[in-house]
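Reader: I would like to go through this model with some care, taking a few local features and asking what each of them rests on.

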Amino acid sequence: MATNTLPATGTPRPASARRTTVFMKLLMALSGALFVFYVLVHMYGNLKIFGGVEAFDEYALHLRTLLTPILPFGGFLWLFRALLVVALVAHAYSAFYLWSRARGARTNRYVAKAAAKATVKSKMMRWGGVALLLFLVWHLLQFTILKFNVGPDAAGDSAGKLVISSFQVWWVVVIYLLALVALGMHLWHGVWSASQTLGWTNNAKSRRTAKATATVIALVTAVGFALPPLAILFGIVKGN
């Protein structure tokens, strides 16, 4: 009697790999969406510095009193930070997995120009993501964890004074602006890629809409973040 056996390599493995790749793309898209939401809210909050130190400090305090007394002082903020850390790990892991899969696939020859173009985009996103991660560590140490002041003015416990004093230093502003270039590129490519992953680019009109949305989000975020440090550096916003 004939038996129906699978070869040693088996057929489920490629299907399983495809399912894993789809899941990783979805995980990257959803975790990235959380970061898009976060950076937009954070950017809006940073613009409070145009209202003066008192307005910015009031905003910073409000973040720490959200959902009190259900949560302790600062509890919501730390819970949200924990969620961001989980999302960051998921985003980085899925990105590494997809990069390693794409690198392995390049052992099979295909159209050289398309491969080179995809490789350039992949490298830009990868190293841009690494640059953003390094900047995030610096940013958290400077304004959240250690709260060290590299500027000329005393800040005390005031978040607004710390921001103004820090961005009076030109090289701090330069670091910040370089990070914003990486952020803008990452957001544009990320929003566009997420739109493809979620099936929102099925025709020419939807693709144009997705690209326009990605462009608007990237520009609004980068410009919105750049305005406060530039205004502080050029003396438009002052601590007094």
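Author: Contact here means heavy atoms within 4.5 Å. The model is predicted, so that local features need pLDDT of at least 70 and side-chain atom pairs pLDDT 80 or more, while totals for chains, interfaces and linings use all residues. Residues are numbered from 1 along each chain as its sequence is written, and side-chain values use heavy atoms, with hydrogens and water left out.

Reader: Which residues does Ser 206 touch, not counting residues up to four places away in sequence?

Author: Ser 206 is found in helix H7, helices being DSSP runs of H or I with at least four residues, numbered from the N terminus. With residues up to four places away in sequence set aside, Ser 206 touches Trp 200 and Thr 201.

Reader: Is Ser 206 buried or exposed?

Author: Buried means under 20% relative accessible area, exposed over 50%, and partly exposed in between, with a 1.4 Å probe and protein chains only. Because its relative accessibility is 17%, Ser 206 counts as buried.

Reader: Is H6 roughly parallel or roughly antiparallel to H7?

Author: The axes, lines fitted to C-alpha atoms over the stretch in contact, with angles from 0 to 180 degrees between N-to-C directions, come within 8 Å for helix H6 (residues 170–197) and helix H7 (residues 204–233) and cross at roughly 165 degrees. Angles under 35 degrees count as roughly parallel, over 145 as roughly antiparallel, 65 to 115 as roughly perpendicular and the rest as oblique. H6 is therefore, relative to H7, roughly antiparallel.

Conventions:
Helix = DSSP H or I, 4+ residues; strand = E, 2+ residues; numbered from the N terminus.
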